Amino acid sequence: MKLNSIQALRAVAAMLVMIYHVRAIEIDAFLRHGLDDQPLVSLLVENGFAGVDLFFVISGFIMVYVTGQVRASLATSGAFLFARAARIYPVWWLFAFIMTGYFFLAFGVPYDVERTIGGSALMAEQPWLHLLYSYLLLPQHSVPVFGLGWTLVHEMHFYVVFAVLMLMPRRYLPWLLGVWAAAVTGGSLAGFSAPYATDYAQLFFHPLSIEFIAGAFVAMLVTSGRRFRPGAVLTLGLAAMFASLLLQGDETGFTLGWGRVLWFGIPCALIVYGYSALEAEERAGAPKWLVTVGDWSYALYLSHTFVLSSLRRVFDALSARLDGSAFSDWFRLGAPGVADNILFYLLGISLSMAAAWLTFRFFERPAMKIAGTLRRSLFADTNAQLRPGPIRTAVW
C-alpha cells in the first residue's frame, strides 16, 4: 500500500526547501547588484530549511513501514542497504558530477578549493579525497562537492544503523531504537557532537538522528493501530510548525542541532503521525498532483539549486542586454517594484519543477528499475525483498 499522505508530505518538504533557496538566491542577487530591496516572500519560508527536518522524519517512517514483513537476517539487512544505496547514490552522483564539472570549467579544478583549504590538513594535501568522500557521502571536514549532500550523509548514516538494527528480531525494534536515541542524546550532551558532523563520532551522536528515530516510532504507532485522535494531533503539529517557521531565530550552534529537533523535528513528527493515521483510517487523502510531486521530490531537492543559480545568471545577462529599455528592470533583481521578483519566483519554481520531472522521468525512474531488478537477482533466495506490513485497525 502506497501511503499518499507520506508522498504528499515529501512534496511539501521539497517545495519548502526550494522556495527557501529561491529567496536566498534572490537576496544574494540584491547584494551582488549593490541594491537595497526586500525579498518577495519572507513569512514561513525564511526558515524553509525545515523541509530537511520533515524529510528526516519521513525517512524514519518509511524505513519502518517498508520493512514491516521482513525477517531478521544478514541477507535481509544487506538487501535493505542495497535498496537504499541504489535509491540515493545514482541521482546524487548525477548532480555531484555536474557540480564537479562546473568547478573544473570555472576554476580549473574539479572542486571548491576554499572548502578543502578550510578543511582538514589531509584534505588540503590530497584534495582528491574530498571528491571521494563527497561521492561516497562520507563525513569530512568540509561540505561535499555539492553542498546539499550534507543531508544525504545523514541519510546514509541512518540507513546503515537501521540495517544493523534489522539483524535483530522485529519485536526488539522499539527497544533498539530507544537505545539508539539514548546513545545519541547522551553522547551529544557529553560534547561528542558538533553542528556540522566532520567525522563518524560526530555523525553518530548528531541530534538530527533523533528526527529519524522519531519518524520510526511514528510508523510503529500508526501501523500497529495506536492512533489516538489523529486529527487533533495533526492540527497541533501544523500549529507548532507554523509557529516555529515564524519565530525560530538566527542560526547558532544550538539551532543547527538540538534547536532543529525541538523547533521543527517534534512538529514534523506530529504532522506525519496525524496525517498518516488519518489516511490509515480512510479519513483523509492527498491531491493527486501533490502525490506526483512527492514522487519527484528527491529529484526536485537535488536539481532546484542548479536551476535557480542558472536562472539568476540569465537574469543578469538579460538585464545587461536590455539596459536602457523599459524591460531592463524586469530582470534586475533588486530593482524598484516587484515585477523582477515575481518573474524570478514564477520562472524559478516552474523551471525547477520541470527539471525535477525530467530527472525523475529519464534518469531516476530508469535507475530505480535497474536497481530493483538487480536486487531481486542478488537476493532472490532469501527473505530479503522488502515488503510493507499491514496497517492494523485502530486499538485506541
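Tutor: Happy to! Let's start with W175, which is exposed because its relative accessible area is 68% (exposed means over 50%, buried under 20% and partly exposed in between, with a 1.4 Å probe and protein chains only). W175 sits in helix α8, residues 173-189 (helices are DSSP runs of H or I with at least four residues, strands are runs of E with at least two, and both are numbered from the N terminus). Its C-alpha atom is 26 Å from that of L152, a residue 23 places away along the chain.

A word on the source: this is a predicted model, in which local features need pLDDT of at least 70 and side-chain atom pairs count only at pLDDT 80 or more, while totals for chains, interfaces and linings use all residues. Residues are numbered from 1 along each chain as its sequence is written, and side-chain values use heavy atoms, with hydrogens and water left out.

Setting aside residues up to four places away in sequence, Q248 touches N47, F49, A243, T255, W263 and F264 (contact means heavy atoms within 4.5 Å).

Helix α12 (residues 258-280) packs against α10 (residues 209-223) at about 20°, with the axes 9 Å apart (axes are lines fitted to C-alpha atoms, for helices over the stretch in contact, and angles run from 0 to 180 degrees between N-to-C directions). The pair is therefore roughly parallel (under 35 degrees; over 145 is roughly antiparallel, 65 to 115 roughly perpendicular and the rest oblique). On the α10 side, the meeting residues include V218 and L221, and on the α12 side they include V272 and Y273. By class, the residues of this contact are 12 nonpolar, 2 polar and 2 charged (Ala, Val, Leu, Ile, Met, Phe, Trp, Tyr, Cys and Pro are nonpolar; Asp, Glu, Lys and Arg are charged; the others, Gly among them, are polar).

V272 also contacts I6, L9, L54, V57, I58 and F61, among residues beyond four places in sequence. V272 and F61, together with W92 and L302, have the most contacts inside the largest nonpolar core, which has 106 residues (such a core is a set of buried Ala, Val, Leu, Ile, Met, Phe, Trp, Tyr and Cys residues joined through side-chain atoms within 4.5 Å).
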